There are 2 protein chains.
Amino acid sequence: MDIRTYLSQKRDLVDEGMEKYFPKSMDSQTTLHKAVRYSLFAGGKRIRPILSIAAFEAVGGEGDGILPFACGLEMIHTYSLIHDDLPAIDNDDYRRGKPTCHKVFGEAIAILAGDALLTEAFHLMTQPSARASQPGAEGLILELVNEIARAAGLSGMVIGQVMDIESEGKEIDLPTLEYLHTNKTGKMILAAIKVGARLGGARGEALRGLISYGEKIGLAFQIADDILNVEGKADVLGKNTGTDVTRKKATYPGVLGLRESKRRGAELVDRAVDALSLFGPEADPLREIARFVVAREH
Amino acid sequence: MDIRTYLSQKRDLVDEGMEKYFPKSMDSQTTLHKAVRYSLFAGGKRIRPILSIAAFEAVGGEGDGILPFACGLEMIHTYSLIHDDLPAIDNDDYRRGKPTCHKVFGEAIAILAGDALLTEAFHLMTQPSARASQPGAEGLILELVNEIARAAGLSGMVIGQVMDIESEGKEIDLPTLEYLHTNKTGKMILAAIKVGARLGGARGEALRGLISYGEKIGLAFQIADDILNVEGKADVLGKNTGTDVTRKKATYPGVLGLRESKRRGAELVDRAVDALSLFGPEADPLREIARFVVAREH
């Protein structure tokens, strides 16, 4: 299957899951529901849930037990974008081509919409349908929820965001930059892959291969994002570019230069693909996603 | 045992649990850890975790399986206070006698400290020690985490906060006010009691009695809080008073008048105590806490 068709099919699956959880009829109920749906259905690529589903399928996972996790991962990602965009943090006016949540609904509602999405992610991942679809797998589900919470919290995404803020305007070295991004984006991407793999029944070498893939792809994504912020066109990306330089953000092009950043990104993709050597064609989507990452439109 | 001694012992237990989870040595590591600890150890009364423990013990619960939930409930409560105090929401400068989190650490760190506390609560409640202390109880633990997420999210605390903001300056009636507070504070207090009861093994009538107690005590707390905001002294409360009137907040004294609010608060306490008629002295702490609520220093 063509990778674009694959991505589109899985994106639809995730969107349907989230539609079911936050039905449109709720739109009319409260400002909070509207704000949550506004940000959740703003045209995200759904990379994290798709990686999770692709890992699940690569190890032979069947059924829809992965879906609550896939949707939960995207809800956590969306909450983090809403909060990052706030005036007190990155102060971004546009996201995915649309005004950011706080520009439309105000800061108070944006803060609370983020809070709601984070909380509801944990509600969705622990709800009876998630449990029932994996009979007897409650212990595993608890472990995976725990894994996601760790990747999203004080030793993961949130501390990465703080490091990102605190590194603005400072000269930082490559190890610090990698540490920052490992926390800010890498751990959640890795968690997405681990959750898919473990729910799909991966163990031993297969699990280790997927973890290795996840570690590399997480960093490759961030390098690609940093490059896009320099070279990308705002109308294609749907958000302002050049903002990293204006804000003196710590980025790969800033630390390594553009050329070396591209080389490193490509190398990480190769190493991510190498980590899947144990797998046959069932891991092709994961390989394609890795290649797709660095080939994104500039 | 004297109720003050009881409250103090349980408060210490909860504080020790949270100290263990966020050790002081971390203080020196990052601004985020400092901000989290600053708000978490700012002298809160720990009412929610104590109610949870008291319900657990009232039905014969033993061991420390309740502790991760007790601490998690307090962490969720603290996150909600940090976010509510933000300039974009209630814009409060003082909380528990100390400058609010954003006054000390800035808005960005306060937003992220709240996010971290909410996330870490789910991490703590699903961690291996929580699971191990209740062998085979993974299904129950998942259910309770789910229950807490529901009470804290879009159909609970967060929507209650939005209703609170949106009702400012508006005339609202009693049913609307009760609906607002049931969501904003009632559901989390009820969840605290249900979690304690169910982890302690409560079923049938005992569980129903505790749920009824929890529903009444949640509203009684809010009425007492509203009365304190009118009659309390800022130096005793550690926060500004009279702010509800200034902000034209929806409150019980505003809707019912002070005298009727007090009568109603006392009546709810009586009905909460009545709901425990099935229990002997093992529920005395719950009875005492109910009475303590309306007797708080004005």
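Predicted model: local features only at pLDDT ≥ 70, side-chain atom pairs only at ≥ 80, totals over all residues.

Which residues of α4(B) and α6(B) meet each other?

I listed the α4(B) side: Pro68(B), Phe69(B), Cys71(B), Gly72(B), Met75(B), Ile76(B), Thr78(B), Tyr79(B), Ile82(B) and His83(B). Facing them in α6(B) I found Ala110(B), Ala113(B), Gly114(B), Leu117(B), Leu118(B), Glu120(B), Ala121(B), Leu124(B) and Met125(B). By class, I get 14 nonpolar, four polar and one charged residues in that contact.

Next I checked the geometry. α4(B) covers residues 67–85 and α6(B) residues 107–125, and they pack at an angle of about 165° with axes 8 Å apart. Angles over 145 degrees count as roughly antiparallel, so that is what I call α4(B) and α6(B). I noted their crossing as left-handed.

Then I looked at where the two chains touch. I have 39 residues of chain A in contact with 39 residues of chain B. On chain A's side, α2 (31–40), α6 (107–125), α8 (138–152) and α9 (157–167) each supply at least two residues. The largest share, twelve residues, comes from α6(A). I sorted that side of chain A into 22 nonpolar, eleven polar and six charged residues.

Last, how are the copies related? A rotation of 180° with 0.0 Å of shift along its axis puts chain A on chain B, RMSD 0.0 Å. That makes it a two-fold axis. In chain A, Glu138(A) comes closest to the axis, its C-alpha at 2.9 Å. Both copies use the same surface, and 100% of chain A's contact residues recur in chain B.

Terms used: Residues numbered from 1 in each chain as written. Chains lettered and ligands numbered in written order. Contact = placed C-beta atoms within 7 Å. Helix = DSSP H or I, 4+ residues; strand = E, 2+ residues; numbered from the N terminus. Nonpolar A, V, L, I, M, F, W, Y, C, P; charged D, E, K, R; others polar. Axes fitted to C-alpha atoms, helices over the stretch in contact; angles between N-to-C directions. Parallel < 35°, antiparallel > 145°, perpendicular 65-115°, else oblique. Left-handed = near helix turned anticlockwise from the far one by under 90°. Least-squares fit on C-alpha atoms with pLDDT ≥ 70 in both.
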